Amino acid sequence: MKSWKKYLSIAGVLFVLALTAIITIPVNAETDEKSTIPQRVYFGEVSVGGMTQEEAKAAVEEYISGQMNQTITLKAGKNTVELSVSQFGVSWGNPEIAQEAVGLGKSGNLITRYKAMKDLENEDKVYELAYKVDEQKIRQVLESNAQSLNTEAADGGLTRENGSFTVVPGSQGVSINIEESAKNLEKYFSQDWKGASQSELELVADVVEPRGSEEELGKVKDLLGSFNTNYGSSSAGRAKNVQNGASLINGSVVYPGDTFSVYEAVSPFDAEHGYELAGSYENGTTVETYGGGICQVSTTLYNAVIRAELEVAERFNHSMIVNYVDPSADAAIAGTYKDLKFTNNTNAPIYIEGYTDGGVIQFNIFGQETRPDNREISFVSETLSTTNPGTQYQAAPGQPIGYMSQKQSSHTGYTAQLWKVVTVDGVEQSREIFNKSTYKASPRIVLVGTASGSPDAVNAMNAAISSQSEGAISAAAAQWNDAAIAERAAAEAAAQQPPVEQPPEQQPPQEPVDETPSEEAPREDDDDKGDDKKDKKDNKGDKEKE
């Protein structure tokens, strides 16, 4: 009996201890959607005590949403860009801590539960927030900002003074490594970013070495090709544009395999970049535009390039003929759709020298000469056909009838080709067609005045202009000019005036007639004589009147 009592006593003590633990510590080991997180629990800076799991998640999502406007500065060498966090696709990386927090003091053995609750009495429980990013968005951000972050290497250059070259050393550049930088950003956001208002991260960048060692640039010493044209008769604006274009190209160094674009070198065409208004071709007419005359720059350079036998990658002839080079020896510039491009197909850099002097533009191309001394090249222009441009008459409503003025001179249409001729020791070795060109005919444009106060005159002049006949226009102008109209109007007015009445002829006064019969009746002969005398007098009066 004693042993049984002993066991019962021990069991009782254990029961009391267990009951005490059950009373002290919550007995719910299970959690549901209504379970709340104990007080003094934080997710990062967000207090989630007393919240359900879903409420805690919503609170954290709201907090993270507020962090999207924070900025991060990316650095690559000396370059930086400041971007908002939202651009990286940042989101919550450890939402599972919500479920863990709800289970605090409600899961595990009695001792674990008890300890968790006692810890919360003494200090806050803080769960660190983790973040993740969208890998695709990170790469897009890096690629779209690469131009701002990269530093191009400055290739070595040359200056030419007093007939000799001086090497200008280049400088290193940096280029961000997209793949490695993306990995670093992912790691930064998942491990180090704490939602700070401003953050800074150095990206992984590769060093880009410049081209053009002193040895390589030292090869440039031979004149490969040269050409000049005259612009002495140009307007002041056009001359300024030619000078400006030559100066922008002067000093250019083109490395082996590189392609040079004249448009990129001389544009944009505006006053800010040194250009003035001058004549340009547009749809068969001449108009004033900024940069008019730049085609003479590209044409002159083109002729130097082909004599240096560099590879022409792109060349267009003008729409209408120009007068400073032979047909098919020109090279037009028009926006981005007509450009002169050439590639350095030699094994050494080339240097382009361009200048103007006394109304002449000159281009010289220097490099390393590898062609035989006894070999020479020349280019011969051949005209295949011509088209007469004719004359076009246009109405000038602001000018009176009889006014005629030339607005534009004519341009003959041509088809032409350029031959490349190679001679060795003066003997022709080859002759081949180098290019072909077609130039539109552009008529002489004459403005004809049509202004008049007479609608009939205006209609007559417009009808004559529509006929495009010089004879008809001249005849109409002679008939309907203001002087002719005034003369006709005066004649018509005179013809419509009534005749002027002449005053009646004065008759001599007559004696009063005595109506009393005389005692002796007159004789017919007397009467006849009297009548004869009267008739003679009347006839005399009629002649005077005439």
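1. The model is predicted. A first point concerns Ser328, which has 0% relative accessibility and therefore counts as buried, the cut-off being under 20%. Ser328 lies in the loop that runs between strand E18 (311–314) and strand E19 (341–343). The phi angle of Ser328 is near 75 degrees, a positive value although the residue is not glycine.

2. Arg40 sits in the loop between helix H1 (2–24) and strand E1 (41–43). With a relative accessibility of 34%, Arg40 is classed as partly exposed. As background, most residues other than glycine have a negative phi, and most peptide bonds are trans.

3. The peptide bond leading from Ser267 to Pro268 is cis, and its omega is near 5 degrees. Pro268 belongs to the loop between helix H10 (262–266) and strand E16 (277–282).

4. Turning to helix packing, the axes of helix H9 (residues 236–249) and helix H11 (residues 294–308) come within 8 Å and cross at roughly 45 degrees. H9 and H11 are therefore oblique to each other, and their crossing is right-handed. On the H9 side, the contact is made by Arg238, Asn241, Val242, Gly245, Ala246 and Ile249. On the H11 side, Ile294, Gln296, Val297 and Leu301 take part. By class, the residues of this contact comprise six nonpolar, three polar and one charged.

5. Which strands make up the open sheet of three, and in what order? The order is E22-E25-E26, and the pairing is antiparallel. Strand E22 (375–387) and strand E26 (427–439) are the edge strands; each has a single partner, so one side of each has no neighbour in the sheet. On average, neighbouring strands of the sheet are turned by 20 degrees against each other, with direction ignored.

6. Within this sheet, strand E25 (residues 413–424) is joined to E26 by 11 bridges, and the two strands run antiparallel. Trp419 stands opposite Ile433 in E26.

Key
Residues numbered from 1 in each chain as written. Predicted model: local features only at pLDDT ≥ 70, side-chain atom pairs only at ≥ 80, totals over all residues. Heavy atoms only, no water. Axes fitted to C-alpha atoms, helices over the stretch in contact; angles between N-to-C directions. Helix = DSSP H or I, 4+ residues; strand = E, 2+ residues; numbered from the N terminus. Parallel < 35°, antiparallel > 145°, perpendicular 65-115°, else oblique. Left-handed = near helix turned anticlockwise from the far one by under 90°. Contact = heavy atoms within 4.5 Å. Nonpolar A, V, L, I, M, F, W, Y, C, P; charged D, E, K, R; others polar. Pairing = 2+ DSSP bridges. Buried < 20%, exposed > 50% of the residue type's maximum accessible area, 1.4 Å probe, protein only.
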